[in-house]
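Please examine the structure shown below before reading on.

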Amino acid sequence: MSAATIVSLPDQSTARIPKMNFLTRENGLLSWLLTSDHKRIATLYLISITFFFFIGGALAGLIRLELLTPQTSLMAADTYNKVFTMHGVIMVFLFLVPSVPATIGNFFIPMMIGAKDLALPKINLLSWYLYVGAGIMMIYTMAAGGVDTGWTFTTPLSTHYLNTHVISTGLAIFVAGFSSIFTGLNFIVTIHKMRVPGMTWFRLPLFVWSNYAASILMVLGTPVLAITLVLVVLERTMHIGVFDPAYGGDPLLFQHLFWFYSHPAVYIMILPGMGVISEVVSTFSRKRVFGYTAVAFSSVAIAVFGFFVWAHHMFIMGISNYAALIFSLLTMLVAVPSAIKIFNWTFTLYKGSITFETPMLYAFGFMGLFTIGGLTGVFLGTTGTDIHLTETYFIVAHFHFVMVGGMLMAFLSGIHFWWPKWTGRMYPEKISQFAAVVTFIGFNFTFFPQFILGMLGMPRRYAAYPPEFQALNVFSTAGATILGVGYLLPILYLTWSLKYGAVAGDNPWQATGLEWQTQSPPLTENFLETPIMDHEAYDYEWLEKQNIARQQQKEVASAG
Amino acid sequence: MSEQHEQEHHIVSPLTYAIVFLALLVGTALTVLASYADLGEWQIAPGLTLFWNPVVALAIATTKMMLVVLFFMHVKYSPKLTKLTVAAGFFMFLVLVGMTLADYFTRAWGRW
Amino acid sequence: MDHISPVLWQFLEKWLERFALFPPEASTVAPQSDALFFFMVLVSLIGLTIVVLLIVAFSILYSKKRHPQAVQIEGSTILEATWTIIPLGLFLVMFVWGALLYFRIYTPPANALNIYVVGKQWMWKAEHPGGQHEINMLHVPVGRPIQITLISQDVFHSFSIPAFRVKREAIPGRYTTVWFEATRTGTFHLFCTQYCGTNHSQMIGDVIVMTPDDYKKWLESSTSGNSLAQDGERLFTSLSCGACHNARPDARGPSLAGVYNARLTLSSGQAITADDAYLREAILNPSEHITQGYAPIMPTYQGQISEEGVIALVEYIKNLDSDYRVQQTLNTTELAPNIEEKAAPAAKAPAAQEGVNP
Amino acid sequence: MPDSTTITHDGQALSNSANSAHGEHPPYQRHHFETVDQQFDATNFAMWLFLLTEVMFFGGLFTAYLIMRNWYYPAFVEGSHQLSIFWGTANTAVLIASSFTMAMAVWSAEVRRKGALLLFLSLTLVFGFVFLGIKGIEWHEKWEKHHVPGMNFSVQAFVNPQSDPEVYKEYQDKPLAPDMAQKTEEYFFLYFAMTGMHALHMVIGAGILVFMIFRARAGAYTTGHVTFVENFGLYWHFVDIIWIYLFALLYLISRH
């Protein structure tokens with residue numbers, strides 16, 4: 001792909017990173033550990049989340065290796081169970097849920113609305129410490145021998161039949177849950193109360209809208225998971241509870257409570273990603289997002305409807321068939337807003353002036369893969385086909401298309417997009433484009449065969465499988481290797497760019513968001529004087545005028 | 001939405017608080033007394049009967065809750081946003097309970 | 001050349017036989033399920049193609065080189081309405097179609113042959129009415145609707161036969177049912193698809209579909225001597241259920257003859273149909289299932305009978321069309337009178353020995 | 001959880017000195033807020049959102065309760081007869097009183113009366129402790145009667161009500177069938193889970209109260225900065241509301 005770049009870099013010979021910015025403000029470990037600056041907290045989050053992403057990724061590698069052969073050749077069945085459980089728990093609760101909101105959102109939401117900081121900086125810091133606490137508990141769990149409940153903690157298996165470290169895992173998720181509750185709470189308050197004059201709701205960047213929607217889900221959904229885990233832990237310790245039929249409880253009650261959070265959770269994971277895509281697509285096609293209002297409201301619609309569909313995870317679990325009907329119908333409704341988003345992004349390209357920098361490549365990847373992921377979701381939301389496809393590799397492929405193909409692509413897209421603002425330096429363009437393509441290819445190789453495996457009926461969470469499934473599993477594992485490369489590359493060149501990357505300047509992409517109107521990396525107060533929002537979002541004419549005005553000022557200055 | 005700050009921070013008078021306090025105590029007394037009376041039941045359909053005692057108990061509890069929320073918690077004098085938040089709380093709570101029970105109550109329909 | 005080719009050939013052969021792409025369609029419901037599946041695949045492909053084509057076309061037409069100056073467009077209500085309503089319409093079609101299929105798969109026909117399947121860590125135990133017991137095997141005749149009544153003894157399991165496109169969770173403490181009608185003979189996979197602990201992936205078995213007369217042969221060859229109902233009768237005697245559930249005028253329990261599928265009024269005033277689930281519950285948690293006009297004196301048998309035992313009892317009660325047998329057993333056990341005095345559990349011990357001889 | 005919310009406000013207070021640079025602002029205004037109103041609105045709204053999460057947190061317990069109650073109604077009735085309606089009512093009154101004094105505390109902060117503020121905060125704290133004390137008495141009684149699920153539970157009082165004379169002479173309960181009697185353990189499990197979770201919130205609240213009383217003595221809240229008192233008030237009233245429902249659902253199932 002042509003690296004035809006719109007990057008308007010300052011003259012590298014003279015360009016300097018501003019002496020005073022949020023990174024150089026104070027030095028020393030304490031100034032980081034006790035900071036209340038949302039940008040520093042976001043940086044801390046970025047580091048810790050990357051760490052856990054690579055742990056989870058390593059576990060995924062182990063899973064794929066084990067599945068290379070039909071027999072349990074690499075590890076024993078119980079080890080395998082622990083591996084996929086840890087993979088699930090770490091990826092879901094320590095990577096996917098906080099990934100975009102806690103890093104990019106934390107850093108840029110206040111800047112996008114022109115605020116100096118989040119409304120509750122101390123709470124923000126606290127939520128990072130909670131996250132770290134949860135992470136430490138997870139690491140302890142792994143060190144102490146792991147847990148093999150599967151990330152869904154199905155009772156009575158998790159409450160009665162396993163003697164692994166369910167309690168410490170439950171505790172870790174409980175704490176991580178409160179970390180994300182506080183992040184969401186903080187975002188909602190900030191978006192409501194901290195907008196600069198003129199920043200009306202319909203001038204907000206769509207990234208803010210989608211994070212707002214995700215925050216609602218975090219605040220309302222996560223507590224239910226918390227109390228459910230408390231009940232599981234009580235049942236494990238007291239040997240009496242409401243989930244195990246042996247005591248008169250009902251295991252389906254657990255399923256209801258668990259999925260009441262865990263289904264909205266997938267929207268918590270994907271919505272911020274959609275926000276990133278809106279920003280990126282608009283910026284690199286130099287064009288206002290097609291149907292801004294529709295995209296904004298579709299985020300809110302997803303958040304609201306997302307709460308009414310949880311039981312579509314239980315169609316075959318003996319819930320009332322009539323309840324199944326209702327939940328299936330509502331699932332169909334929640335599928336529509338996602339379709340709207342896809343088409344609106346596509347038509348944002350129409351009559352644009354498109355360039356293909358790395359963030360845009362990842363965004364294209366997202367749009368393709370998320371379309372597949374979303375449509376296969378309809379297969380599982382339809383009661384009839386769900387019977388055959390659920391609990392097989394089809395479902396594994398489906399949510400990896402949404403979570404990895406969607407969310408992770410969006411995360412990488414966002415990281416590349418805002419990297420210049422974050423660090424003040426550019427990442428190397430060519431190699432990163434290469435990495436994006438590698439990721440895309442590797443991803444499809446890894447997960448597309450799993451759709452076929454699912455259709456064949458290969459059950460998920462199998463350490464050993466009948467031989468006729470081997471060929472496809474070999475493909476999948478091969479693809480996983482490529483995917484691994486695709487993920488390692490960014491770490492390397494992004495770290496490299498911290499020191500050797502070209503100086504980015506304030507607005508390398510010529511993007512319109514308020515965050516681009518200040519220096520990069522920004523000051524601790526974000527803006528020198530509080531900005532006024534006097535134009536619509538994604539107003540590129542306004543940006544042109546700004547640039548011309550600046551140019552004239554410079555000339556006047558040089559002349560005088 | 002957020003533009004409308006409560007410029008003059010409304011101060012509720014102690015008298016209001018006292019009245020609410022008394023009302024709450026009365027409510028408590030009522031609900032205890034009600035629980036000792038058999039308020040009968042309503043046969044909606046065979047196998048589906050509505051007992052009045054829990055209904056009354058919950059009604060009184062809800063009234064008390066409304067009093068606390070409106071006056072002790074100043075929602076009556078708070079911006080729309082706060083009212084909306086409270087409403088959202090009730091709504092989601094009802095969704096959680098209601099939709100879960102919807103499954104339980106329809107399981108007996110037909111034989112699967 | 002020719003000394004390499006066989007190796008190569010073997011390799012290819014192995015490769016091919018490990019390269020399944022589509023599961024066999026071996027039940028009446030499979031084609032229906034696949035029809036919907038391929039309809040959805042078609043719709044998805046069309047949708048995906050449209051999106052990808054548009055993206056590619058726009059990326060070429062409006063790349064910066066060709067189209068240096070972007071044209072700002074607010075949006076288009078018509079277009080947005082289109083891609084809101086058309087997907088919604090399609091999704092609703094899928095919903096209705098899927099719902100019909102769902103009810104078909106989970107509503108067994110009345111004439112279905114019932115087989116009990118008990119899931120436990122980590123095996124499937126099938127209980128045929130004729131008294132054939134199998135583990136991780138299920139023999140069924142071709143062209144005959146089979147109803148599977150599932151229950152789990154410990155954790156969630158999931159009974160899945162991909163070739164039949166049917167799957168149902170086996171839940172602890174509750175019967176669930178699924179049915180299928182095999183359309184061709186052969187051996188098919190039986191999986192547990194719900195993660196159920198360490199050896200989850202060992203909990204697989206074979207469904208063997210046979211021609212009716214092969215099936216008849218198999219039934220005769222592999223019966224355990226007496227039928228499920230007869231096992232149930234033994235249990236019925238040894239637990240001395242007949243002490244109360246005899247049709248005598250002074251009986252303390254309701255007569256069980258022809259109770260199956262009868263409409264009963266419970267002491268709570270609630271009217272129910274006495275299906276398998278009810279019978280099971282009435283044995284394990286009697287007090288919530290007392291028939292109107294009887295005292296709640298029946299002891300609970302929770303934890304005293306295995307799920308297989310309960311199944312045998314249920315099967316016995318289902319086939320109990322007269323109280324003649326009950327009377328017989330009571331008369332043959334001469335301690336019937338003092339059973340009348342003692343509470344049922346007390347009489348269990350002596351009755352147990354009696355129950356053994358046929 | 002609750003204590004964390006205090007960390008912010010506490011943090012906001014502590015950061016007074018840090019932000020004294022902004023001369024024109026009152027000392028308690030955090031640097032990143034434009035106006036005091038904005039700060040009040042924001043923190044107040046944040047508290048409401050936190051209460052929202054608390055509602056959902058208890059929501060899970062209430063859902064479980066409703067389902068179990070529907071399944072095992074007789075067990076729940078006889079289980080509830082084991083609770084002392086006298087203590088229950090007394091406790092409700094105590095908690096309502098503490099809610100009232102808390103409201104009064106907010107008022108005295110608003111009208112900047114330090115003495116009154118201290119008085120009402122202390123009263124709230126005292127009532128809170130009385131509530132916990134009474135709860136302790138009730139729990140102790142359950143322990144002695146072997147009604148603590150999972151630890152020393154016995155269905156004796158339900159298969160044979162006469163064995164518990166004082167409850168028996170009040171309600172003349174019929175003996176429960178053994179299988180139903182076992183289900184009373186579910187009732188007590190939910191009773192302890194719900195009242196325990198509620199008591200935990202009370203304890204946390206009491207802790208914050210103590211902290212507030214100290215800061216109030218230093219005159220922190222009577223200078224026009226009522227945010228913290230106000231928000232803690234919200235939390236305390238919320239705990240009160242939860243109890244109002246627990247009382248109706250756990251104690252008053254069927255007394256006739």
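How many bridges join β6(C) to β9(C)? These strands run antiparallel, and 2 bridges join them. Strands and helices here are DSSP runs numbered from the N terminus (helices are H or I with at least four residues, strands are E with at least two), and two strands pair if DSSP finds at least two bridges between them. The model is predicted: local features need pLDDT of at least 70 and side-chain atom pairs count only at pLDDT 80 or more, while totals for chains, interfaces and linings use all residues. Residues are numbered from 1 along each chain as its sequence is written, and chains are lettered from A and ligands numbered from 1 in the order in which they are written.

Within β9(C), Cys192(C) stands opposite Phe159(C). Both strands belong to an open sheet of chain C with 5 strands, in the order β4-β10-β9-β6-β7 and with mixed pairing. At its edges lie β4 (137-141) and β7 of chain C, each of which pairs on one side only. From one strand to the next, the twist averages 20°. Strands of a sheet pair through backbone hydrogen bonds, either parallel or antiparallel. Across β4 and β10 (205-210) of chain C lies helix α4 (residues 212-221) of chain C, which runs at about 130° to β4(C). Such angles run from 0 to 180 degrees between N-to-C directions, with axes fitted as lines to C-alpha atoms, for helices over the stretch in contact.

Chain C also meets chain A, in a contact that takes 78 residues from each of the two chains. Two residues are in contact if their C-beta atoms, placed from the backbone, lie within 7 Å. On the side of chain C that touches chain A, the largest share, 18 residues, comes from α3(C). The residues of this side divide into 44 nonpolar, 23 polar and 11 charged. Here Ala, Val, Leu, Ile, Met, Phe, Trp, Tyr, Cys and Pro count as nonpolar, Asp, Glu, Lys and Arg as charged, and the others, Gly among them, as polar.

A further contact takes 35 residues from chain A and 34 residues from chain D. On the side of chain A that touches chain D, α8(A) gives the most, with 9 residues. That side divides into 25 nonpolar, 5 polar and 5 charged residues. From chain D, Leu49(D) touches Leu185(A), Ile188(A), Val189(A), Val219(A) and Thr85(B), not counting residues up to four places away in sequence.
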